[in-house]
Number of protein chains: 2
Amino acid sequence: MAQLTDTRAEAAAPQRSLHKGQQTRAAILDAALALASHTGLEGLSIGALAEVTGMSKSGVFAHFGSREELQISVIREYHSKFEQEVFTPALREPRGLPRLGAMFDRWVRRVTVERDSGCIYISGAVEFDDRPGPVRDALQGMVRAWQAALERAIAQAIEAGHLRADTDAMQMLFEMHGLILALHHDARFLRLPGAVERARAGFDRIVGASIGEHAAPSPTPSRARRARR
Amino acid sequence: MAQLTDTRAEAAAPQRSLHKGQQTRAAILDAALALASHTGLEGLSIGALAEVTGMSKSGVFAHFGSREELQISVIREYHSKFEQEVFTPALREPRGLPRLGAMFDRWVRRVTVERDSGCIYISGAVEFDDRPGPVRDALQGMVRAWQAALERAIAQAIEAGHLRADTDAMQMLFEMHGLILALHHDARFLRLPGAVERARAGFDRIVGASIGEHAAPSPTPSRARRARR
């Protein structure tokens, strides 16, 4: 329940118990994630990573047998970080609107932090949308896991009466995702100010239009969050 | 008024008046646009184009002196097609909500047609968001021109009383753009059914929430369009 997928098991192991080989692998993976955030998953190569880490190509190759394996490992690592920063902390909030609001709020923050590096989910979707294969499959799996978690949170908000019973969860999810994509586009590509506020206002409007009879303590979590500051 | 920018002048010239050199250039550009739709602007190269068109590298080079010039020419060509298919026909609709609805509707269709090829605006934004230079500048200019046209259409709908006077045009534009980005993502990357209907329902909801006193003949253009069929 506390995990989107089971890919975190390895990453969650305490650092000190890692053997040297695992430490080296983790260091390469960190460098690979940073590289992919700037150049995209397609910019990843054994050669480029060897250059960045100061290792030999054969040294990198010993840990990641192919470029594809490297790309998939980076996607899993990104997913693990996304889960730790966005999904897991939101589970501390009560089910329903408070949790859904926390998920959206942390998602906005994640995209904003990434304004200078780039979200691998968003760039990867564009890079791999017409390139079938294991990399696209891995990426789709991670994106679907996150969307399924959001859909569950919306369903719980409906069950709790925070949202109206006739709320279309898939429609709400689609529109929330659109706000995040527009935020990423405007903040990162157009460098427009005010995109974060627009994404939050959009969320408040979407949720506000479906508010149920047993509304949570505050009409919309993101307004409540701002008021608490 | 009928053009987003002045880049169409050349493309709009009758085919028969083109010299042979211009015809060849146009043929290369067509191939380049098709290539960029699949591989992204970064996938464009003089070499790849020579292969696709069956020309020599020096032959392609004679028409486009650099990869950068080629990329910028492709962006202009894409913009010209976008303008012809989306913007110009929408100008036939009366100012206000009918025109805004037509712009959104044709934008949706354009993205849907492109499900199998890819929108260069969307993929280019992700490719070039952290690569400053003339290619990004050209891309930003085209995207901004389209966004400015949408903003004008929203402002006209407010002036006509189709939308409430307190409508936040930039917020509405942000949310409309989000719907298009989510449509592109879900239809193209996740291959989910129903994304077109969700984008249209989202537009109806956004516009419906800001409907003014002097509403256009139908509450929301996209519903009206469906009803007319």
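The term pLDDT denotes the predictor's confidence in each residue, from 0 to 100. The structure I present this morning is a predicted model, in which local features need pLDDT of at least 70, side-chain atom pairs count only at pLDDT 80 or more, and totals for chains, interfaces and linings use all residues. Residues are numbered from 1 along each chain as its sequence is written, and chains are lettered from A and ligands numbered from 1 in the order in which they are written.

I begin with confidence. Chain A has a mean pLDDT of 86, with 84% of its residues at 70 or more. Over residues 223-229 of chain A, however, pLDDT stays under 50. Where pLDDT is low, the predicted coordinates should not be read in detail. For the complex, the predictor gives an ipTM of 0.86 and a pTM of 0.86.

I turn to the interface. Two residues count as in contact if their C-beta atoms, placed from the backbone, lie within 7 Å. By this criterion, 28 residues of chain B touch 28 residues of chain A. Of the interface residues of chain B, 100% are also interface residues in chain A, so the copies meet through the same surface.

Finally, the symmetry. Copies are superposed by least squares on the C-alpha atoms of residues with pLDDT of at least 70 in both. Chain B is brought onto chain A by a rotation of 180° with 0.0 Å of shift along its axis, at an RMSD of 0.0 Å. The two copies are therefore related as by a two-fold rotation axis. In chain B, Gly178(B) has the C-alpha nearest that axis, at 1.9 Å.
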